[in-house]
Amino acid sequence: MNSLFKRLPRNCLAATRRSSRRRLHTQPQPHPLLATFSRLCVEGPFPAALALLPDLASAGLRADPVSLTRLVKLCVRHGTASDGRLIHRHVAAHGALPHGGGGGGLVVSNSLVSMYVKFGLLDDALRLFDGIPERNVVTWTTVVSALANADGRKEEALRFLVAMRRDGVAPNAYTFSSVLGACGTLGVLASMHASTVKVGLDSDVFVRSSLIDAYMKLGDLDGGRSVFDEMVTGDSVVWNSIIAGFAQSGDGAGAMELFMRMKGAGFSANQGALTSVLRACTGMVMLEVGRQVHAHVLKYEKDLILHNALLDMYCKCGSLQDADALFRRMPQRDVISWSTMISGLAQNGRSTEALRVFDLMKSEGVAPTRITLVGVLFACSHAGLVEDGWYYFKSMEKLFSIRPEKEHHNCMVDLLGRAGKLDEALKFIHEMSLDPDSVIWRTLLGACRMHKNANLAAYAAREILKLEPGDQGARILLSNTYADLRQWTDAEKSWKAMRDRGMKKEPGRSWIELEKQVHVFIAGDLSHPCSDSIVQELNRLIGRISALGYVPQTEFVLQDLPIEQKEDLLKYHSEKLAIAFGTMHAKEGKPIRIMKNLRICGDCHAFAKLVSKSEGKVVIIRDPVRFHHFQDGACSCGDYW
């Protein structure tokens, strides 16, 4: 018995060897063409693999599904749409591969559908899709996603999603992530949101991120924030989505608050979120926060888009020293970089430098765009350089092959209007090759108010109202023009017309950043928690600058009131409240930076100049159009604004 057990392993091993030899002798060897084709589909080159298809067809050979799928992927990476159609014809010529039971046909069909989508041939993809006998979630999701991302076919994507579910195929997280952006109304989005909850995919990070994006794009910030707040744990993808959504929707404060929370939670921002936050800093003039974001940008040393956003932030926050330092250090600069610097210098009252940078840009061989020329004309306009402005405008097409568009014509109207050449500006508008729009007429109307030309102002206002009957700004500017001229009866008629239409003048607002918080001040509103201290500081400042010759310029109060009431109204203009708050909290060597929603009035301009002298502080005020840098009793605008 013992000897038998000793022999068994040897006998078993011999039997195994004989069996293996029999299988090796009976297993068919792959055709050499197929073996070569399979290897080329893995290793390439793609043209060599593609060239074997006719040989395979001549030999009556059919490639296996794995090799065909690999060939399609190679085609997407290295081939053309024509090559893809050639592969499709080869597959179709041999009859459909089995789509079930592991036949591999569905995998090949899915790869071909995806290939057509990636080549931008959506209709070809849909024709192939219609002929597939059995479709799985990959097949459906590929076409749903493609339709959702195609212009004008978003409703079709939603219809395909319905058909997918009727076909008994359950959408996955990627399907929902793709189609949520196709929802055109909040009602459709709410229904789709409910579907994700029903199938338990609402907690998927990509679905949740897409939900947030969809709510934001439809303007429902609360809906997007609600989806975000329901998350059990944060994720960098979702953090970045909601920050970008708030910034793009114009809620800079919300974007900043979320960015701070994300940093506190230990997540890092990606390039998209950093760009969004920089734009929020730009809109809110939050320079100190922007400088903190700059530290994160250092990780993306060669990201030109991010550096351009950072440059724009510094320019539009009035920190030209930072902007200039960044511009000089940028590893690469494109036309956007140059244009941003030119516009930034012009908006900050440094028009001559802006034109020098434009000359340097040309000397380095960078071709200007229409945006560049808008910045150049803006520089001329805000420095009263009428001859230079005419030269650049007339030479645009000849020197740079740029045909003047409405923005350039508007700059010329602004240039002539600011210079007091109102008749020349009107003649320019009438002789334009383009039809003047309400923006151009509004520019002329603003110049009429500046130079107190009521007759031409009334004409410009009528032209605006022909184009935009509901325009509120035109009526306000016209009424203010009448008030400037003390034509109170005409001013009252305009105000009454606005009241009858339920219109209200936008109050002056100014805001200032302090310790990463934004403090907002409204003209005549003393509801700020520090109002008592602010009024006390304001009185102190008025006392100091009165000794330097300050006298309230009551002509800037556009109401027929006693002189004392006019002085009281002037005293509590929003920028004066913001300046007083700024001087209370000013730090040595740091300028006071203020943002304003309306053009600064002449009295506040004089106030800021004298405060900069009496307090030895730099005061920077940004209105909707430009910056005013007040220092030592002077303004960068040269009193030309």
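Which residues in H15 are buried? I began my notebook with that. The model is predicted.

**Entry 1: helix H15**

I looked up H15 and found it at residues 236-248. The helix has 13 residues. From its first C-alpha to its last it reaches 18 Å, close to the 18 Å expected at 1.5 Å a residue. I then checked burial. H15 is mostly covered, with 10 of its 13 residues buried. The buried ones are Val238, Trp239, Asn240, Ser241, Ile242, Ile243, Ala244, Gly245, Phe246 and Ala247. Next I asked what they pack against. I found helix H13 (205-217), helix H14 (221-229), helix H16 (252-264) and helix H17 (271-284). Just after H15 I noted glycine 250, which takes a positive phi of about 90°.

**Entry 2: strand S3**

I moved on to strand S3, residues 592-596. Five of its five residues are buried. In a regular strand, side chains alternate between the two faces of the sheet.

Which strands pair with S3? Strand S1 (residues 509-514) pairs with S3 in the antiparallel sense, over three bridges. Strand S4 (residues 619-622) pairs with S3 in the parallel sense, over four bridges. I followed methionine 595 in both directions. It stands opposite tryptophan 511, and it also stands opposite arginine 622 in S4. From S3 the chain crosses through helix H34 (residues 602-615) to S4. This β-α-β crossover is right-handed.

**Entry 3: asparagine 348**

Is asparagine 348 buried or exposed? I located it in the loop between helix H21 (335-347) and helix H22 (351-363). Its relative accessible area is 1%, and the cut-off for buried is under 20%, so asparagine 348 is buried. Its side chain has a polar contact of 2.6 Å with the side chain of histidine 629. Leaving out residues up to four places away in sequence, asparagine 348 touches Cys315, Gly318, Leu320, Phe627, His629 and Ser636.

**Entry 4: nonpolar cores**

Last, I looked at the largest nonpolar core, which has 156 residues. Phe37, Ile87 and Leu444 touch the most other members. Helix H19 (residues 304-316) gives the largest share of this core, eight residues.

How values were computed
Residues are numbered from 1 along each chain as its sequence is written. This is a predicted model: local features need pLDDT of at least 70, side-chain atom pairs count only at pLDDT 80 or more; totals for chains, interfaces and linings use all residues. Side-chain values use heavy atoms; hydrogens and water are left out. Helices (H or I, at least four residues) and strands (E, at least two) are DSSP runs, numbered from the N terminus. Buried means under 20% relative accessible area, exposed over 50%, partly exposed in between (1.4 Å probe, protein chains only). A polar contact is a pair of N or O atoms within 3.5 Å; within protein, one must be able to donate a hydrogen and the other to accept it, and residues adjacent in sequence count only if both atoms are side-chain atoms. Contact means heavy atoms within 4.5 Å. A nonpolar core is a set of buried Ala, Val, Leu, Ile, Met, Phe, Trp, Tyr and Cys residues joined through side-chain atoms within 4.5 Å. Two strands pair if DSSP finds at least two bridges between them. A crossover is right-handed if, with the strands pointing away from the viewer, the path from the first strand over the helix to the second runs clockwise. The expected span of a helix is 1.5 Å times one less than its number of residues.
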